[in-house]
Amino acid sequence: MKTANNEKTDYRIRLTKQIIRQNLVPLMKKYHISRISIKMLCERAGINRSTFYSHYADIYDLLTQIQQEIITELSEHISGSAFSEQNKLTVEALEQILNYAKSNAELFEVLLSDNGDFAFQREIMLLAQQKTIQTLQDMKQLSPNVSEYLQYFVVNGALSLIQKWLSDGAKESVPEMAELCSTLLFKGLSGFKVN
């Protein structure tokens with residue numbers, strides 16, 4: 001059973017980590033992660049270096065922990081019921097992903113930008129590829145090479161679309177963006193032809 005002291009300590013740890021993470025985002029808007037020093041982050045967050053080091057080994061450890069949390073949470077969103085029927089990517093599933101991205105818009109925007117970590121972007125791509133491969137294979141009997149090219153095209157396009165949407169302030173609604181993604185995924189440009 002947790003005591004009041006333990007709960008207070010846990011709360012302070014969570015609050016400190018939250019402050020550190022919140023102050024990383026504005027720095028990543030200006031600088032690539034490799035150019036952000038612990039000193040810069042600590043000054044911006046108003047904490048000392050020993051506080052930072054009590055939670056993270058270095059700036060990359062901080063970024064890795066943030067990314068792993070996102071991958072885990074996003075994986076849970078993707079593996080929801082909307083994908084359960086023959087692994088088909090549905091508008092409802094896209095809405096779950098877009099809602100998650102929108103609720104973490106600033107963080108997602110910097111992580112998907114040129115200042116982010118390309119390893120994280122590859123992980124997001126791999127996660128999305130795992131979920132789209134069956135759908136793409138179900139659509140047609142594709143050769144492994146063509147299937148892989150198609151996956152890269154779809155995933156890179158979707159990530160770029162989400163990044164653009166977030167950087168523009170997510171003006172379109174989540175259902176509108178989910179429908180746009182779905183149309184592009186399953187119909188391509190022919191889904192937009194006017195009769």
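**Entry 1: the second largest pocket**

I looked up which helices line the second largest pocket in this predicted model, and I found that helix H1 (4-30), helix H4 (59-78), helix H5 (91-103) and helix H6 (105-112) each contribute at least two residues to its lining. H4 gives the most, with four residues. I then noted that the lining of this pocket consists of 13 residues, and that Arg 21, Ile 66, Ile 70, Asn 104 and Leu 107 are the ones that lie nearest its centre. When I sorted the lining by class, I counted six nonpolar, three polar and four charged residues, and for the volume of the pocket I wrote down about 290 Å³.

I located Phe 192 in the segment after helix H9 (174-187). Is Phe 192 buried or partly exposed? I noted a relative accessible area of 40% for Phe 192, so this residue is partly exposed, and because a patch takes residues with over 30% relative accessible area, that value meets the cut-off.

**Entry 2: a backbone angle**

Last, I looked up Ala 170, which I found in the loop between helix H8 (144-167) and H9. The phi of Ala 170 is near 50 degrees, which is a positive value in a residue other than glycine. I marked this for myself because most residues other than glycine have a negative phi. I also checked the accessible area of Ala 170, and its relative value of 12% is under the 20% limit, so I recorded Ala 170 as buried.

Technical notes: Residues are numbered from 1 along each chain as its sequence is written. This is a predicted model: local features need pLDDT of at least 70, side-chain atom pairs count only at pLDDT 80 or more; totals for chains, interfaces and linings use all residues. Side-chain values use heavy atoms; hydrogens and water are left out. On a 1 Å grid over the protein atoms alone, a cavity is a set of points where a 1.4 Å probe fits but cannot get out, and a pocket is an open set with protein on both sides within 12 Å along at least five of seven lines; lining residues have an atom within 4 Å of a point. Grid points are joined across faces, edges and corners, and a volume is the space filled by probe spheres set on the points. Ala, Val, Leu, Ile, Met, Phe, Trp, Tyr, Cys and Pro count as nonpolar, Asp, Glu, Lys and Arg as charged, and the others, Gly among them, as polar. Buried means under 20% relative accessible area, exposed over 50%, partly exposed in between (1.4 Å probe, protein chains only).
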